[in-house]
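Q: Please take a close look at one part of this structure, the place where the ligand sits. Walk me through what surrounds it.

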Amino acid sequence: MNAPGTNAIVRAVGLGKRFGQFQALTDVTLDVARGEVLCIIGPSGSGKSTFLRCINQLETVTDGALWVDDELVGYRRVGNKLYELTDAEIARQRLVTGMVFQRFNLFPHLTALENVIEGPVQVLKRPKAEAVEEARGLLTRVGLAHKADAFPVELSGGQQQRVAIARALAMKPKLMLFDEPTSALDPELVGEVLAVMRDLAKTGMTMIVVTHELGFAREVASRVVFMDAGRIVESGPPSEILSRPTNQRTADFISAVI
Ligand code: ADP
Ligand code: MG
């Protein structure tokens, strides 16, 4: 079990996650290549969020090993011994990933622009003027330059989610994690968020997207992974997994979603 040292930005080997007696993830083995857009689909409770949360260390892994950007997550290896990382080291590792949640989680007392500069200024200690300039560029990219001074309550759900994407990008992550980013949106607002994600994919950003939007997966994903009951059941190009799944559970799930 070596560190990637390859094109992989995420390498999970026999990954498991237990919550008490409950095994939420079992034997998850998966490489995600740099530049790849991986879509994860699967029924509710299949471990999709838990897998993303392990990658960005909102959860700790209980079995197997996980590397992100060529570093073992949560541990440092010295000779043949593993040492747990300090909180500061974990915070540094977590900067590799940006995460967008189903609920937008913007700071309600800050404007769109202030939400986007918060991390760069407070965490990365970037000069404010520079952060503001970049934030304006990011808000333009997500189509919200004109809403820079709006507070979250003044924005639609789709606009809030686009601000959340700009906020995550402001930290210059190498990998973006999306956990059902359109599931909480009114149907007419889903498209604008997917359009921003599609543009982001075109820039070459590495993305892991948990979604029920099979049209998006079909069009944008380089690979689709189907999870069920904490395991990867099958994975492959969208044309195979979504059109000709070999596993009955995948087929049942896809016909239920469509
Ligand atoms: P999905 O995102 O695919 O819907 P989750 O990763 O959220 O699934 O959850 C997988 C399983 O793990 C579910 O059965 C869920 O109840 C359980 N689970 C998730 N988080 C916790 C937790 N903090 N404590 C106990 N069980 C949890
Ligand atoms: Mg989930």
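A: Start with Gly 47. One of its backbone N or O atoms lies 3.0 Å from an oxygen atom of ligand 1. This is a predicted model. Next comes Lys 48. Here a polar side-chain atom lies 2.8 Å from an oxygen atom of ligand 1. Then look at Thr 50. An N or O atom in its side chain is 2.5 Å from an oxygen atom of ligand 1. Each of these pairs is a polar contact, because the N or O atoms lie within 3.5 Å.

How much of ligand 1 does the protein bury? Taken alone, ligand 1 exposes 560 Å². The protein buries 60% of that.

Now list the surroundings. Phe 19, Phe 22 and Ala 24 are among the residues around ligand 1.

Helix α1 gives the most, with three residues.

Finally, step back to the wider span. An unreviewed UniProt entry annotates residues 10-254 as "domain: ABC transporter". In the model, the end C-alpha atoms of residues 10-254 lie 26 Å apart. That span is 36% helix and 28% strand.

How values were computed: Residues numbered from 1 in each chain as written. Chains lettered and ligands numbered in written order. Predicted model: local features only at pLDDT ≥ 70, side-chain atom pairs only at ≥ 80, totals over all residues. Heavy atoms only, no water. Near = heavy atom within 4 Å. Polar contact = N/O pair within 3.5 Å; in protein donor to acceptor, adjacent residues only side chain to side chain. Areas by Shrake-Rupley, 256 points an atom, 1.4 Å probe, with all protein chains shown as cover. Helix = DSSP H or I, 4+ residues; strand = E, 2+ residues; numbered from the N terminus. UniProt positions renumbered as here; feature names shortened; annotations may be inferred.
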